[in-house]
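This report is for a reader meeting the structure for the first time. The sequence and the model come before the description.

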Amino acid sequence: MTAEETASALVAEARGLATDAVAALTAADTVAELTAARPDLLGKGAPLTGLRRRVGSLAPEDRPAAGRALSEALAEVAARYEARLDELRAAERRRQLEAERLDLTELPERPPVGRLHVISQTQRRLEDVFCAMGYTVAEGPEIETEWHNFGALNFPPGHPARDMYDTLYVDHGPPGSTLLRTHTSPVQVRVMQRQSPPLYVVAPGRCYRQDTADATHMPVFHQIEGLVVDEGITLGDLAGAIETFTTAYFGPGFTSRLRPSYFPFTEPSAEFDVQRPDGTWLELGGSGMVHPSVLEVCGLDPERWSGFAFGFGIDRLAMLRYSIDDLRDLWTNDSRFLEQF
Ligand code: PHE
């Protein structure tokens, strides 16, 4: 065998051994298996490493090339070894993470969370609209004196307008002196007595009338009262406030109108209606210019101050907005009904 043949045989053998080594390390399935095989693939006793000893027996001019080829084969195996090691380590880490994973989709079910009643939601929305218009929110008691509910509002005892309100009296004090307020208008009186103008307030709350419950009547219902008292307030301001409220609450397609009416505590008085985009009208509530004798009773000079007031039903508004067709559903408190809002 010539020296040249021996050199090429050595290089061919090195390539063969390198291929075997790569096949062996590729076959290792775990980090432990791979590291255990390392001495046999790259260690001092590995067949490929052993070929080094035979380079010395080649012809001197062949040694550098054969040595280089051998080094390249070893470097190739070492690089494949490292790559496989990284691969197996990553796979093992993945398996571990997978095994330790917390399944967040299987947390115990949370108890159902409640919500505001649809009437409270409506009331708050109304308060928001009026607050944006510069009004503040006032409150008054639900158990009222006859004087605040009627007397101060220009309903003298025996006045026929009292018959409009099917009053529930409370057995407290002299007969007929204490009642469940039939409207939120007594809050007007309390605000005017308590604060000095300019006044821009709304007063939402519960009202009571002797009524048999049916789809459109309840003995307990909610109103929101508005009261403005300032210098130079006119009927035009009332119409403007109603219109501003209408578009703010219902939307730009809606408009409002005032229709002559009668309330003892406003003069002139008007019902106000809201027109829907389809052209139909909805009667919403009562309004008018605060009667001079009401201002006087509350200690305000009607020569200096003038104002307007309005009041309407919150429940009706909610029925309209949410297409509720039976008022009684608002009181049954069936969660399947209430959850819709
Ligand atoms: N309080 C009246 C009612 O319930 C409505 C109203 C309020 C009228 C304010 C005029 C001014 O019928």
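Contact here means heavy atoms within 4.5 Å. The model is predicted, so local features need pLDDT of at least 70 and side-chain atom pairs count only at pLDDT 80 or more, while totals for chains, interfaces and linings use all residues. Residues are numbered from 1 along each chain as its sequence is written, and side-chain values use heavy atoms, with hydrogens and water left out.

**Val11**

Helices (H or I, at least four residues) and strands (E, at least two) are DSSP runs, numbered from the N terminus. Val11 is part of helix α1, residues 3–27. Leaving aside residues up to four places away in sequence, Val11 touches Ala66 and Ala69. Its C-alpha atom is 8.8 Å from that of Gly67, which is 56 residues away along the chain. Buried means under 20% relative accessible area, exposed over 50% and partly exposed in between (1.4 Å probe, protein chains only). Val11 counts as buried because its relative accessibility is 18%.

**The sheet**

Two strands pair if DSSP finds at least two bridges between them. Seven strands form an open sheet with mixed pairing, in the order β1-β5-β6-β10-β9-β8-β7. Its edge strands, β1 (136–137) and β7 (255–263), each pair on one side only.

Strands β6 (residues 220–230) and β10 (residues 306–313) run antiparallel and are joined by eight bridges. Strand β9 also pairs with β10 in the antiparallel sense, over five bridges. The table lists residues that stand opposite each other.

| Residue | Opposite residue in β10 |
|---|---|
| Glu225 | Gly311 |
| Asp230 | Ser306 |
| Ser287 | Phe310 |

Seven of the eight residues of β10 are buried, so this strand is largely enclosed by the rest of the structure.

**The ligand**

A residue is near a molecule or strand if one of its heavy atoms lies within 4 Å of it. Around the ligand there are 15 residues, of which Tyr165, His183, Ser185, Arg209 and Gln223 come nearest. A polar contact is a pair of N or O atoms within 3.5 Å; within protein, one must be able to donate a hydrogen and the other to accept it, and residues adjacent in sequence count only if both atoms are side-chain atoms. An N or O atom in the side chain of Ser185 is 2.9 Å from a nitrogen atom of the ligand. For Arg209, a polar side-chain atom lies 3.2 Å from a ligand oxygen atom.
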